Amino acid sequence: MAAAAAPAAAAAAPAASSEAPAATATAEPEAGHEDHREVRVLQSLRGKICEAKNLLPYLGPNKMRDCFCTINLDQEEVYRTQVVEKSLSPFFSEEFYFEIPRAFQYLSFYVYDKNVLQRDLRIGKVAIKKEDLCNHSGKETWFSLQPVDSNSEVQGKVHLELKLNELITENGTVCQQLVVHIKACHGLPLINGQSCDPYATVSLVGPSRNDQKKTKVKKKTSNPQFNEIFYFEVTRSSSYTRKSQFQVEEEDIEKLEIRIDLWNNGNLVQDIFLGELKVPVNVLRSDSSHQAWYLLQPRDNGNKSSKTDDLGSLRLNICYTEDYVLPSEYYGPLKTLLLKSPDVQPISASAAYIFGEICRDKNDAVLPLVRLLLHHDKLVPFATAVAELDLKDTQDANTIFRGNSLATRCLDEMMKIVGGHYLKVTLKPIIDEICESSKSCEIDPIKLKEGDNVENNKDAPTIRTLTLISKTIQTLGSWGSLSKSKSSFKETFMCEFFKMFQEEGYIIAVKKFLDEISSTETKESSGTSEPVHLKEGEMHKRAQGRTRIGKKNFKKRWFCLTSRELTYHKQPGSKDAIYTIPVKNILAVEKLEESSFNKKNMFQVIHTEKPLYVQANNCVEANEWIDVLCRVSRCNQNRLSSYHPSAYINGSWLCCQETSENAVGCKPCTAGVPADIQIDIDEDRETERIYSLFTLSLLKLQKMEEACGTIAVYQGPQKEPDDYSNFVIEDSVTTFKTIQQIKSIIEKLDEPHEKYRKKRSSSAKYGSKENPIGKTS
């Protein structure tokens with residue numbers, strides 16, 4: 001699948017994701033200057049769900065399972081693999097990449113058993129704290145599946161205030177009253193894809209008491225505003241007559257705690273536990289008032305299985321990044337140094353080449369480097385120079401560009417970016433046909449299932465079909481070195497299979513195709529250009545017209561976006577669109593506040609008619625649609641500079657209460673107009689990524705600097721193996737100077753980053769909404 005499915009995946013994704021919404025904070029200004037612009041905190045996740053093994057079998061005669069895997073941010077599902085049928089060791093082999101548009105605590109992977117008639121069964125999970133993701137970055141790891149306990153599946157936070165008041169009762173005794181003010185919750189999970197109906201129980205718990213009270217149910221919201229106050233009395237003996245400020249005695253205060261339990265009201269079914277928190281009353285020992293945000297916690301008495309190893313295991317490759325992107329002028333020196341790379345002689349002494357040499361994960365290094373050089377039209381001369389270096393070191397013509405060198409990686413990433421349109425036009429229809437078909441071409445005897453044979457096989461998964469197609473295309477591409485002997489094939493079973501295609505007509509056609517795409521001659525355009533397919537998927541949209549009873553509802557529709565128009569259809573594959581918005585008519589694309597319709601993950605497409613309100617399935621999908629719609633429409637004329645973040649309902653805008661439907665927006669639009677470029681690349685973000693990778697590789701950069709010094713002193717490389725024997729150093733003096741420049745620039749960039757981190761950590765008080773109690777630091 002490497003040659004066919006990987007390009008298809010690249011074709012299905014946006015070329016360069018660069019405008020992800022981000023948490024922001026004010027940048028630290030340079031000395032003597034006020035800098036009111038924002039630092040963008042951008043998160044992304046990429047990796048691969050490889051395979052699972054040793055899953056629990058069914059107890060019945062049919063022990064096999066139909067498995068799939070999901071990725072969840074806390075409790076929100078953001079990605080789902082294809083179903084692998086009839087296997088206890090399913091091989092998924094699915095790569096993923098997406099921007100993370102919100103804060104989260106846990107990244108979780110759930111393995112499910114597909115059930116047609118009932119709810120899908122969760123076999124087990126891998127849950128990784130955000131703070132621990134860096135420990136697994138860039139390497140494949142086997143994780144043991146943990147049991148999925150409904151009492152531990154929690155997310156969200158609670159705003160709580162406690163007060164201690166002194167009261168004198170009617171008979172003159174003194175007692176103390178505990179006031180519990182439950183203000184609000186934020187970020188509660190979706191229940192069955194919809195906002196929940198939450199309520200809270202508030203209990204004062206002690207050795208001999210358990211007083212419980214309950215809030216009202218809030219309908220269809222993940223951010224309920226309760227604002228309810230509850231009173232609990234802590235009574236003292238009548239002999240107590242102290243008149244000064246009253247405080248609970250230590251032996252009593254240690255035994256009392258307030259417990260808040262969040263529930264989803266199930267109406268006719270059982271209520272669902274959403275999380276709890278426990279606050280000891282002794283937080284009021286030094287102060288009569290306490291107010292803070294708390295993270296909801298799982299139940300400590302959840303049913304935890306002692307045999308966690310029996311559930312199986314999951315192999316994952318995870319790479320999480322969090323970048324603090326400063327204002328543009330901070331990156332000027334580093335960008336200038338990198339963009340000079342194609343002109344440096346020799347190329348191995350350039351900053352870009354050194355960057356590729358010292359980074360541990362070469363793929364991490366190549367992606368931002370290619371995007372930055374491509375953005376400034378410097379990639380072709382740089383790739384040419386490093387390719388010439390590869391040719392100089394090649395001993396066997398058969399191995400040219402076959403290794404994982406900087407040149408081959410640059411070309412691979414460039415083709416994924418600039419070749420997206422070509423892949424979509426040429427491959428998407430046939431890839432769609434293969435994915436929708438149940439046909440199989442399994443011919444490997446080892447991979448045949450029991451009862452199957454090469455001549456009659458209908459059950460192998462689509463991923464295997466694509467793999468075999470790619471093998472055939474690769475072999476046809478090697479038309480000049482074909483041989484009828486089995487030794488010419490890596491897999492012997494491909495020899496007999498390929499004889500079906502080893503006809504002169506096929507070989508001539510492939511040769512002609514390869515000659516045409518590698519030719520530098522410019523062909524005349526046909527005069528017509530097909531619209532580029534950008535994105536499609538199923539979402540809910542609010543009805544444009546009114547129903548018979550006058551209420552506008554939400555309906556599930558299939559959305560398609562091309563470079564010309566946004567359409568939605570009744571179902572996938574339907575040629576006739578129900579509604580069409582030309583891209584040139586789009587005036588703005590913005591998020592929609594949840595309070596508008598009590599629905600999460602909503603956005604609005606503002607165009608020349610009434611706004612189109614759309615609900616995506618999760619926060620990542622909403623972010624991707626907003627991003628691609630913004631990019632395709634940013635150069636439109638008459639784009640709005642302001643918009644309404646809420647909907648127009650019952651004769652007024654919910655955000656600003658303006659009654660006119662044509663009133664000017666009350667909030668500035670988030671997207672600006674970019675430069676007139678073919679590929680929209682966020683060069684500041686790419687440079688920040690390069691800076692971050694340089695800082696992670698400083699030790700190796702130091703070793704390379706020492707190697708340059710050693711070579712200069714001894715007039716040549718050391719013969720014995722050492723820590724820097726794998727470095728390519730053609731000119732030690734020039735390379736040494738470049739390394740000195742890199743170190744100087746990195747040190748200067750360290751200063752504003754460190755200032756920002758200190759400012760960020762000091763501004764978020766423990767117990768605030770941004771830094772709630774219970775969060776791991």
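A polar contact is a pair of N or O atoms within 3.5 Å; within protein, one atom must be able to donate a hydrogen and the other to accept it. The model discussed here is predicted.

## Surroundings of H290

The side chains of H290 and Y294 are joined by a polar contact of 2.8 Å. H290 is located in strand β16, which spans residues 289–295. Its relative accessible area is 17%; because buried means under 20% relative accessible area, H290 is classed as buried.

Leaving aside residues up to four places away in sequence, H290 touches L160, E161 and L162, together with V283 and L284.

## The four-stranded sheet

Four strands form an open sheet in the order β4-β3-β6-β7, and their pairing is antiparallel. Its edges are β4 (76–80) and β7 (121–129), each of which pairs on one side only. On average, neighbouring strands of this sheet are turned by 25° against each other, with direction ignored.

Strand β3, comprising residues 67–73, runs antiparallel to β4 and is joined to it by four bridges. N72 has E77, in β4, as its bridge partner.

## Aromatic pairs

Across the whole structure, a search finds 15 aromatic pairs. One of them is formed by F68 and Y112: the ring centres are 5.0 Å apart and the planes are at 0°, so this pair is stacked. F68 belongs to strand β3 and Y112 to strand β6 (residues 106–113), so the pair ties together parts that are 44 residues apart in sequence. F68 counts as buried at 1% relative accessibility, and Y112 counts as buried at 13%.

The rings of F96 and F109 make a tilted pair, because their centres lie 6.4 Å apart and their planes are at 50°. F96 is in strand β5 (residues 91–100) and F109 in strand β6, so parts 13 residues apart in sequence are tied together by this pair. Both F96 and F109 are buried. Ring pairs also link F96 and F109 with Y79 and F98 into a cluster.

## Charged side chains over rings

Two arrangements place a charged residue over an aromatic face. K53 lies over the face of W142, at 4.2 Å from the ring centre. R299 lies over the face of F273, and here the distance from the ring centre is 4.3 Å.

Technical notes:
Residues numbered from 1 in each chain as written. Predicted model: local features only at pLDDT ≥ 70, side-chain atom pairs only at ≥ 80, totals over all residues. Heavy atoms only, no water. Pairing = 2+ DSSP bridges. Helix = DSSP H or I, 4+ residues; strand = E, 2+ residues; numbered from the N terminus. Axes fitted to C-alpha atoms, helices over the stretch in contact; angles between N-to-C directions. Buried < 20%, exposed > 50% of the residue type's maximum accessible area, 1.4 Å probe, protein only. Contact = heavy atoms within 4.5 Å. Phe/Tyr/Trp six-rings, centres within 6.5 Å; stacked < 30°, edge-to-face > 60°. Lys NZ or Arg CZ within 6 Å of the ring centre and 35° of its normal.
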